[in-house]
Amino acid sequence: MAYQKVDQRFRVHTEDVDTEELPVPSLDLEWDMEKELEESGFDGFEPDSSSQHCLANSAGNNDLDFEFMQPSASPRGRFARLEEESDYIVHPRQGSKNQQGSLSIIAKLFVAGFIIFICGFLIGYYGRKSNSKHTLPNNITTPMPPTSSIAVSDDGTILQSIVQAIEGYSIRSFFRNLTLFAAESDRGSSAAHVMEQWTASGLTEIRLVNYTVLLSLPDANQNKIILTNSSQCFHPSGQQCSTLPSAPHGKKEKNDLLYFYAAYSAKGSLEAEIIDVQYGTIDDLLQLQSSTDVTKKIALIKLGKAPLLYKLSLLLEAGFGGALVYIDPCDSPPREKLGEKTFWISLNPGGDPSTPGYPSIGGIFREHRTNITSLLVQPIAASLAQELLSSMEKANGNECFQLTNSSAVSKTIRLEVATVSEYRTIQNVIGYVKGSINPDKYVIVGSHHGNSEELWTSSTSIITEVIRTVMTQVQKKRWRPNRTILFCSWGGSIFGNIGSYEWAEEMKHVLQSNAVAYVNLFKPVMGNGTLNTVVSPSLRQLATDVMNKRFSLNCTRQENCSGRKVNSVQVEGNSDFFINHLGVPTVQFAYQETKPSMGPGFLSEAFLLNDASVVETFDPNFNLHETIAKLTAEMILHIANEPVLPFSVLDVALEVQEKLKDDNIASEQMLALANALRETAQLFQSDEMRPANDPEERDPAHLRMLNDVLQNLEKNFLIQHAPPGYYRNILYHLNEPSSQFSVMKEAVNHCNLQKTNQTLTKIISMVQNSIRSAQVYLKTGQNSIKRDASVHKKTS
């Protein structure tokens, strides 16, 4: 199968988050499809050319050409199918009865045949030589995928060469380049710069994808908290209003105070009494419910212990009208001192709020939703929270002080919240290395980019280094992975993972069947304490093996691996859509600062104004970055290249049983279903996966069916509805101390608040159905594979 690259150039004028004009190269792949694909009825994915990606100033970007996303042809081929048909008979031609044996005619035929043979030989020789490369824009050439797969031993050597070639100093070079660019915001789009870096690293199949989305931006007129008794006015930072110079209206100055805001909060003012709700959990609210009227009051709430969106939904349910959010100094790691830093939060659960559930492309209907919640929400500094509270207590002899409320004194404030809603164009950078055997199966690797206020350069420098080492082998060794590797840098992450959501929503039907795994690089190095690995159960064994190999440790259980954690907890980042809407197995490696006594969790929901120099303080030689890059690259290459996907169905079943362990609300029926799932998983792993790993017994059709089952198993654990901020994929738990199904634990607690068991009964049914569905899915997949293997043996 041959393909030809067509170079088209155009300019797209956009106003993205960085506000620039960019030349955008469009890379189109034109496939000369073989007759078999035409007969097979595979149409492939090709978005409507009439659709546009932006409402304004992006008309040139309507050609989102992902023609490499094509279903593979049947591995058995046209001729194998014809031979299976009983009616297929070859009829020999009958010779003419009046053939003449003229010597001159024979001689002429001989000469003509000889000439045709020579011409065919020359055409084939030079055609094969010329087709070994294809020309891309800017006269860049890259090897075509090999026609046959490389031997396993050679392939393994190449994969190790890729990992070993990753160097910390190279990552540091990328990091400093990107940091310098981010510091000079007038230099242009960060997305375009990322694209330049990836192109310079050898990646040739790459493009920018634009979406015009509704963003909630800070107002130049600062939000205020005014004490009604004393008329004292404070900015969210804790500074008094009179001490700050006024900024010209509409001017986006790089002022720390400007970024103390909650994106997509309701706008307006509210004068009411402050109520201390501590962390705003159900237990905290139950303590208030019996003694305090909270209707239209303003909650003073700490970040942590549960997703902020969930806690805000509880405040709304209780009747609150506003919320002041802060970080308790005792909750942050000692060196980070999050309680003293400026931060902002996003109340967006994901994607463009004006196009919920569908992509923000041209001509689409938009809901102008300037706010997502009816609450007035404002993040504030811990110093201001201390001013608003009546007392504080020293915590366990530490230097920090635990902020608490004194019921003797109540304060009334006027909260003024304002934001600016604007449509802006965000950009994603999408590049890929096309697979040689299964090009329609994608291993997606995601980082993000942003403006100077975001610390995004760590993740982007790591993914750029991985691209560099991969493309070195592609160009020098003519190597290609088994499956396609997609490299993505997302825009709009801090506003609610908008870039990844919009792209995945547009490509949803393709990704549902073709996305194999998502490798996340969101905030990979945020400290030098603990290596935290968040991985879905399907990939847990592979992640553990990769870490053991990298660190030369022999530990089979988490507690035996000092300084490292492997778990399936909710995390911030662009993996959200892939986990919760597609059920794609994911993995993320990240170094974090050591937290005191596990901490309250969910502090990462606060976006901080970070200085990139902090990264070089705790990782001066970029050894931590190098470790993350090597672990990430090894995971990518294993998933992208192994004939049998390195997923463990048994680990999924064991995870389900672990979540039901010591859970007094799990019925006998649910426990029986979990046990049946484990037994089926054990049979599947021993009867189907082990033989498939033997190259001599491996049948292409059998292999394809097996991998489809492995790829889609976790989709069975997506429930239709989950509480705000909770994962729909119930295989992930809320935090590290908890191992239960998070939605079941929440439903039990919510019963006390709602005084009804209706929600609990509904959630139990959803969880139970997920377990049953997974067991039936595995059993059906196993039976289908066996039937196919039996038919193949008979026909062969």
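The model is predicted, so local features need pLDDT of at least 70 and side-chain atom pairs count only at pLDDT 80 or more, while totals for chains, interfaces and linings use all residues. Residues are numbered from 1 along each chain as its sequence is written, and side-chain values use heavy atoms, with hydrogens and water left out.

**Cysteines**

Let's start with sulfur. The structure holds one disulfide, a term used here for a pair of cysteine sulfur atoms within 2.5 Å. C233 is joined to C241, with 1.9 Å from S to S. The torsion about this S-S bond of C233 and C241 is about -65°, so the disulfide is left-handed. C233 and C241 are both buried, where buried means under 20% relative accessible area, exposed over 50% and partly exposed in between, using a 1.4 Å probe and protein chains only. C488 counts as buried because its relative accessibility is 0%; C751 counts as buried too, because its value is 10%.

**Aromatic pairs**

Next come the rings. A pair of aromatic rings is described by the distance of the centres and the angle of the planes. Here, rings of Phe, Tyr and Trp (its six-membered ring) pair if their centres lie within 6.5 Å; planes under 30 degrees apart count as stacked, over 60 as edge-to-face and the rest as tilted. The count comes to ten aromatic pairs by this rule, including these two:

| Pair | Centre to centre | Angle between planes | Arrangement |
|---|---|---|---|
| F260 and F343 | 5.8 Å | 65° | edge-to-face |
| Y727 and Y732 | 5.5 Å | 70° | edge-to-face |

F260 sits in the loop between β7 (233–234) and β8 (262–263) and F343 in strand β12 (residues 343–346), so their pair ties together parts that are 83 residues apart in sequence. Strands (E, at least two residues) and helices (H or I, at least four) are DSSP runs, numbered from the N terminus. F260 and F343 are buried, and Y727 and Y732 are buried as well. Ring pairs also link W490, Y501, W503, Y518, F577 and F578 into a cluster.

**Helix α20 and its surroundings**

Which residues make up helix α20, and how far does the helix reach? Helix α20 covers residues 742–754, 13 residues in total, and reaches 18 Å from its first C-alpha to its last, close to the 18 Å expected at 1.5 Å a residue. That expected span is 1.5 Å times one less than the number of residues. Among the buried residues of α20 are M744, H750 and C751. K755 follows α20 and has a positive phi, near 60°.
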